[in-house]
Amino acid sequence: MLELVSEYHKEWIKIATSFLGNKEDAEDLVHDMYLRVYRLKTFDQIKWNGKVNKYYIYITLRNLALGVLKNRRYNLELTDYEQQDEYTPADKALDILILNLHKEIDTWNNYDRHLFELYMYSGLSLRDISSGSDKELRIIGNNTELCKASVKRGTKISVSSIFHTIKKCKQKLKEKFGEDFEDYTNRDYERI
């Protein structure tokens, strides 16, 4: 099963980099994910019709990244990260911003959260998500309530409903973190 999972190594690195902000940490995170997969008693959780369940791997990477970011954030005062050349104020600000974004997304209801995560990380179009019968959608989302219900019943979520939900989610994030993002882009890291 590890051979199947490692076929998507570049994709896992891309996802991990989006969480942690740099490729070196992303490589470490992906290796931790491989260890976690290796320790599973059964590979049923990460298979769907003989293929890798990408959504399961995404959630595993996200949870590992949240752990790394939480440790960074809570240990900043206890360690000398700020003294080290490789951990810059920009890194610290980005870590805090990403951690806060994920905390906010985790507070959303299941429908909004799953739909937003599918849209952001699956690479599927709104139409593919809407159909609920797309093969890749089932591979990515077979553990989510949204996809299970949609695929099982053969129902569709309208493209306009998905569009408005995604728009609402983006607006929530923009209202809550827009100023922090501007501070980050303007290199005003201490305001985050």
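## His102

A residue is called buried when its relative accessible area is under 20%. In this predicted model, His102 has a relative accessibility of 8% and therefore counts as buried. His102 lies in helix H5, which spans residues 89–107. Apart from neighbours within four places in sequence, the contacts of His102 are Phe19, Arg62, Leu66 and Tyr121.

## Overall fold

The protein chain contains ten helices and two strands. Read from the N terminus, the order of elements is α-α-α-β-β-α-α-α-α-α-α-α.

Of the 192 residues in the protein chain, 40% are buried. The accessible surface amounts to about 11400 Å², and carbon and sulfur atoms account for 49% of that surface. When contacts between residues at least 6 apart in sequence are considered, 68% join residues at least 24 apart.

In soluble globular proteins, nonpolar side chains tend to be buried together. Here the largest nonpolar core comprises 28 residues, and Val5, Trp12, Val30, Met33, Ile57 and Leu61 have the most contacts inside it. Two or more residues of this core come from each of helix H2 (9–20), helix H3 (23–38), helix H4 (54–75) and H5. The most are supplied by H4, which gives nine residues.

With neighbours within four places in sequence set aside, Val30 is in contact with His9, Trp12, Ile13, Ala16 and Leu61.

Definitions and conventions: Residues are numbered from 1 along each chain as its sequence is written. This is a predicted model: local features need pLDDT of at least 70, side-chain atom pairs count only at pLDDT 80 or more; totals for chains, interfaces and linings use all residues. Side-chain values use heavy atoms; hydrogens and water are left out. Helices (H or I, at least four residues) and strands (E, at least two) are DSSP runs, numbered from the N terminus. Buried means under 20% relative accessible area, exposed over 50%, partly exposed in between (1.4 Å probe, protein chains only). Contact means heavy atoms within 4.5 Å. A nonpolar core is a set of buried Ala, Val, Leu, Ile, Met, Phe, Trp, Tyr and Cys residues joined through side-chain atoms within 4.5 Å. Accessible areas come from the Shrake-Rupley method with a 1.4 Å probe; for residues, only the protein chains shown count as cover.
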